[in-house]
Protein chains: 2
Amino acid sequence: MEREGTSAPRRRVCESWRGGAASGYFGALSTRKTAVFTLYDYLDSGNGYKIRLLCALVNEPYRWVEVDILTGATRTPQFLAKNPNGRIPTLELDDGSFLAESNAILWYLAEGSPFIPNERLSRARVLQWMFFEQYSHEPYVATPRFIKKHFPADSPRQAELPKRLQQGRAALAIMDAHLNKEDFFVAGRYTIADIALYAYTHVADEGGLDLAPYPNVRTWIARVASQPRHVPLERRP
Amino acid sequence: MEREGTSAPRRRVCESWRGGAASGYFGALSTRKTAVFTLYDYLDSGNGYKIRLLCALVNEPYRWVEVDILTGATRTPQFLAKNPNGRIPTLELDDGSFLAESNAILWYLAEGSPFIPNERLSRARVLQWMFFEQYSHEPYVATPRFIKKHFPADSPRQAELPKRLQQGRAALAIMDAHLNKEDFFVAGRYTIADIALYAYTHVADEGGLDLAPYPNVRTWIARVASQPRHVPLERRP
């Protein structure tokens with residue numbers, strides 16, 4: 001989803017989480033913390049937003065570096081040295097190494113927190129929904145949004161939309177059926193499976209997917225957004 | 001990757017793992033075990049093979065039910081009740097519940113085994129490569145193989161091949177660069193990240209991807225295939 005070009009990254013530390021007053025799940029972590037992670041990200045990316053949302057929920061401070069995927073800043077030699085797959089989000093750790101793939105970063109940051117269940121099968125079910133998200137949802141919910149936002153009406157990529165949206169509706173129908181009896185995707189509580197699926201689902205309309213036929217999805221979106229410490233996608237760290 | 005239709009599933013228990021002589025990692029697990037899992041699978045599926053390979057490595061017995069994805073057996077109401085996403089592999093647990101997504105099933109079965117590292121960052125790196133596999137590799141390495149095997153030369157789906165294969169080569173190049181300094185993908189040893197990536201990479205040529213330009217990938221393929229208790233994709237359980 002990135003094109004060639006260069007762009008100087010913007011660096012800013014997410015000061016707002018530094019020792020901010022804690023509430024919600026992680027009150028115990030409200031002691032003053034220094035950022036140990038750097039998140040390479042793009043504000044409008046749902047995949048990047050997953051990490052920003054989790055960090056807000058668990059009060060994890062981080063440095064935030066915006067990388068302009070529209071001008072190819074993820075395809076420079078400098079960025080490819082961080083992530084050879086040329087994608088954001090990419091997390092830089094305090095030892096200078098890097099971790100890629102939004103859902104792997106979620107897992108890394110959430111291990112030991114209430115956002116990953118302890119029970120073996122529930123943990124696997126969290127992964128089941130996160131793999132569903134990357135294989136059966138993201139290409140059909142996120143990519144149409146990207147095409148509609150960033151490609152002109154006469155771009156050949158517009159021709160991809162009907163088939164992608166059809167598969168996007170299939171993914172939403174699966175989610176809606178599951179949420180008919182569940183408040184959250186796994187173990188009856190808010191986990192990183194919800195975070196992974198929320199990221200692009202709540203803005204699916206921007207890609208041309210009307211959420212009206214999926215009432216359980218809409219109720220779940222409101223439920224996620226009402227959780228303590230929630231932050232919206234468009235909020236710059 | 002499945003089409004409409006019906007097909008009666010074939011049921012067979014994987015007797016060969018039942019109390020078979022153990023060697024390799026799981027010698028301690030060689031005591032007689034009864035199958036507690038049922039794997040819904042299709043022999044030629046690399047995603048299904050991931051599970052068969054892990055179960056062979058850890059000497060886990062299971063019942064094996066072949067579901068013919070070519071005649072739509074994964075789209076029947078009966079199968080959709082097991083996995084609403086209509087895909088194999090799907091694992092049935094002893095409590096009658098189901099777990100989907102090949103890489104989530106790998107994680108579930110391998111937790112507590114040497115095939116998932118204990119260290120937090122290594123665990124996340126295993127997931128990083130498994131998400132890479134599903135998002136940046138499987139659609140471009142596995143799907144071309146499926147198209148070439150199952151669609152006629154004049155099918156519109158053949159038109160997908162050039163772009164898919166281009167992205168497949170990009171995925172193989174990323175793997176090859178990583179393996180230039182590593183024997184396995186994570187933590188210097190054989191993990192489920194290798195199993196996930198091996199499944200379709202070692203038959204990439206069947207989809208039109210020549211592995212000659214990727215010498216480290218070829219060496220790694222031979223290394224995986226030489227591990228104790230290895231089974232080939234085409235071996236029926």
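Tutor: In this predicted model, 44% of the 237 residues of chain A count as buried, that is, with 20 or more other C-beta atoms, placed from the backbone, within 10 Å of their own. Chain A holds seven helices and five strands, taken as DSSP runs (H or I of at least four residues for helices, E of at least two for strands) numbered from the N terminus. Along the sequence they follow the pattern β-β-α-β-α-β-β-α-α-α-α-α.

Residues are numbered from 1 along each chain as its sequence is written, and chains are lettered from A in the order in which they are written. Local features need pLDDT of at least 70, and side-chain atom pairs count only at pLDDT 80 or more, whereas totals for chains, interfaces and linings use all residues.

The contact takes 23 residues from chain B and 23 residues from chain A, two residues being in contact if their C-beta atoms, placed from the backbone, lie within 7 Å. On the side of chain B that touches chain A, strand 5 (98-100), helix 3 (102-110), helix 4 (120-150) and helix 5 (161-178) each supply at least two residues. Helix 4 of chain B gives the largest share, 11 residues. By class, this side of chain B divides into 14 nonpolar, five polar and four charged residues; Ala, Val, Leu, Ile, Met, Phe, Trp, Tyr, Cys and Pro count as nonpolar, Asp, Glu, Lys and Arg as charged, and the others, Gly among them, as polar.

The same surface serves both copies, as 100% of the contact residues of chain B recur in chain A.

Terms used. Buried ≥ 20, exposed ≤ 12 C-beta atoms within 10 Å, placed from the backbone.
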